[in-house]
Amino acid sequence: MASSDYPSSEREAGQISLPEFGKMFKIQTSEKTGYLQKIFSAGAPVIAITFAELLIFTGRIKEAAATYTLLLIILSLSIIASKKLETRKVYQALILLPVLRLVNLSMPIFFEANIYSFVFMYLPMTIPITIVSVYQEIPKEGKMDLLRKMGLYLPFSLLAGLIFAEAEYLIVQTRPLIPDLSFFNLLQLTIIMIFIVGLIEELIFRGIIQTRLEEFLGPAGGVLLASLLFGVMHSSYGTFYEIVYTFLAGGILGYFFYRTKSLPLVVMIHGFINIFLFGIIPHLGPGLGLV
């Protein structure tokens, strides 16, 4: 690739002079150092988030809230101080997770954990998500292209959602968020789980965080770290198996997003998982009552 830089006699002999070899080694070392710096820049807040979620997992809510508050301040200052645009964008993406968790932890205790609590937890996130999305110019799927693919996306996401939900139900044994499977209750659950919970979470984890980390660390690093964060952010379920499962499920969703660049696809899969997990399966039983 760089053979034209060397004298023909050295190329023919398969030799490179020591000064040229030193230059090549220096470039390679510089590239490796730059990538290690990127890993540290992205990895440090990821480790902090993981630590905070570990505190939640062990029931230390106050300590977790304090950790997230400190992380929120550090990321905010880092965004101001960082001279590199790509690093600032990574911090802008990751700052959404402390905000999300602090909103979740600040929910008044008189709100019973029900279907409407998701509305109060997720709707406030539309403001920071919109700000970050506009500033970072997150790409969107064309409307006409989406309509053409919807005939494939809808049945695929329905089937995938059922499979994921059946597996997850074996781990967490969720209780139903609706009293019965009437049309009105299912409609409420569908709207909230697809257009609020699924949309907000996928915008954060896949649309913003994974997109930014892919550009920062490459596709593999982006999918891996976004999936890791998706898994640890499910620590509130209180079971290690749920964290592992959501990490793996997040990896699959991340791969789907990487291959299709379709946010609606992963939103629908995520939404149908929750519809089955919190509505249909708890009422009908595993296997939809057929087994």
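**View 1. F118, Y122 and F278 form a single aromatic cluster.** The structure is a predicted model, in which local features need pLDDT of at least 70 and side-chain atom pairs count only at pLDDT 80 or more, while totals for chains, interfaces and linings use all residues. Residues are numbered from 1 along each chain as its sequence is written, and side-chain values use heavy atoms, with hydrogens and water left out. The structure holds five aromatic pairs. Rings of Phe, Tyr and Trp (its six-membered ring) pair if their centres lie within 6.5 Å; planes under 30 degrees apart count as stacked, over 60 as edge-to-face and the rest as tilted.

**View 2. The rings of F205 and F230 make an edge-to-face pair.** Their centres are 5.1 Å apart and their planes stand at 80°, so the pair is assigned to the edge-to-face class. Because F205 belongs to helix α9 (residues 183-217) and F230 to helix α10 (residues 219-232), the pair ties together parts that are 25 residues apart in sequence. Helices (H or I, at least four residues) and strands (E, at least two) are DSSP runs, numbered from the N terminus. Both F205 and F230 are buried; buried means under 20% relative accessible area, exposed over 50% and partly exposed in between (1.4 Å probe, protein chains only).

**View 3. The rings of F240 and Y241 also form an edge-to-face pair.** The ring centres lie 6.5 Å apart and the planes meet at 65°, which gives the edge-to-face assignment. F240 counts as exposed, with 54% relative accessibility. Y241 likewise counts as exposed, at 62%.

**View 4. Charged side chains sit over the rings of F216 and F230.** The charged end of K38 is placed over the ring of F216, 5.5 Å from the ring centre. R206 lies over the face of F230, at 4.5 Å from the centre of that ring. A charge sits over a ring if NZ of Lys or CZ of Arg is within 6 Å of the ring centre and within 35 degrees of the ring normal.

**View 5. E53 is a buried residue of helix α2.** This helix spans residues 18-57, and E53 has 1% relative accessibility. Not counting residues up to four places away in sequence, E53 touches Y68, R101, V232, M233 and S235; contact means heavy atoms within 4.5 Å.

**View 6. G221 is found in helix α10.** At 18% relative accessibility, G221 counts as buried. G221 and Q210 are eleven residues apart in sequence, and their C-alpha atoms are 8.9 Å apart in space.
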